[in-house]
Amino acid sequence: MEDIQLSVRLKRLTSPLNLSARVTTSGRRWETHGVCRTILKMWGLRLAAWGGVSPVRLARLYGYGAAAQACEQRGLPHA
C-alpha cells in the first residue's frame with residue numbers, strides 16, 4: 001500500500017504528471033487468478049488499509065508471508 005500512500009502525499013504537493021518513461025510489470029497474478037478476482041482482492045486490500053489494518057496483516061492477505069514475518073521482526077504492528 002506504500003504506492004497509494006505515496007500518491008496521496010504527492011498529490012498534496014503538486015498535480016500529477018504524465019511521464020513518457022515506461023514500466024514493465026508481471027501479469028502473473030492477473031493470469032493466475034483472473035481479472036475480476038484480482039481487482040476485487042486489490043480493492044479489498046485498499047479498503048482494509050483505509051480501515052487501519054496493519055501492514056503485516058495486509059502483507060499476509062496479499063500473499064507475502066515472508067514479508068509479514070520480516071515486518072514482525074522489525075517491530076511493526078501486526079494482527
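Helix α1 (residues 2–13) has 12 residues, which at 1.5 Å a residue should span 16 Å; the end C-alpha atoms of α1 lie 17 Å apart, which agrees. The expected span is 1.5 Å times one less than the number of residues in the helix. Helices here are DSSP runs of H or I with at least four residues, numbered from the N terminus.

The structure is a predicted model, in which local features need pLDDT of at least 70 and side-chain atom pairs count only at pLDDT 80 or more, while totals for chains, interfaces and linings use all residues. Residues are numbered from 1 along each chain as its sequence is written, and side-chain values use heavy atoms, with hydrogens and water left out.

The pLDDT, the predictor's confidence in each residue from 0 to 100, averages 84 over the chain, and 94% of the residues score at least 70. Among the elements of the chain, α3 has the highest mean pLDDT (92) and helix α5 (residues 65–73) the lowest (73).

Helix α1 is hardly covered, with 0 buried residues among its 12. Buried means under 20% relative accessible area, exposed over 50%, and partly exposed in between (1.4 Å probe, protein chains only). R12 belongs to α1 and is exposed, with a relative accessible area of 66%.

Two packed helices are described by the angle and the distance between their axes. The axes of helix α3 (residues 35–50) and helix α4 (residues 55–62) come within 10 Å and cross at roughly 170°. Axes are lines fitted to C-alpha atoms, for helices over the stretch in contact, and angles run from 0 to 180 degrees between N-to-C directions. The helices α3 and α4 are therefore roughly antiparallel to each other, a term for angles over 145 degrees. In this contact (heavy atoms within 4.5 Å), α3 contributes K41, M42, L45, A48 and A49, and α4 contributes L58, L61 and Y62. By class, the contact of α3 with α4 has 7 nonpolar residues, 1 charged residue and no polar ones. Ala, Val, Leu, Ile, Met, Phe, Trp, Tyr, Cys and Pro count as nonpolar, Asp, Glu, Lys and Arg as charged, and the others, Gly among them, as polar.

K41, in helix α3, counts as partly exposed at 32% relative accessibility. Leaving aside residues up to four places away in sequence, K41 touches R29, L61 and Y62. R57 is found in helix α4 and counts as partly exposed at 34% relative accessibility.

| Pair | Separation in sequence | C-alpha distance |
|---|---|---|
| K41 and Y62 | 21 residues | 8.1 Å |
| R57 and C71 | 14 residues | 9.9 Å |
| R12 and K41 | 29 residues | 27 Å |

Note on methods
Helix = DSSP H or I, 4+ residues; strand = E, 2+ residues; numbered from the N terminus. Parallel < 35°, antiparallel > 145°, perpendicular 65-115°, else oblique.
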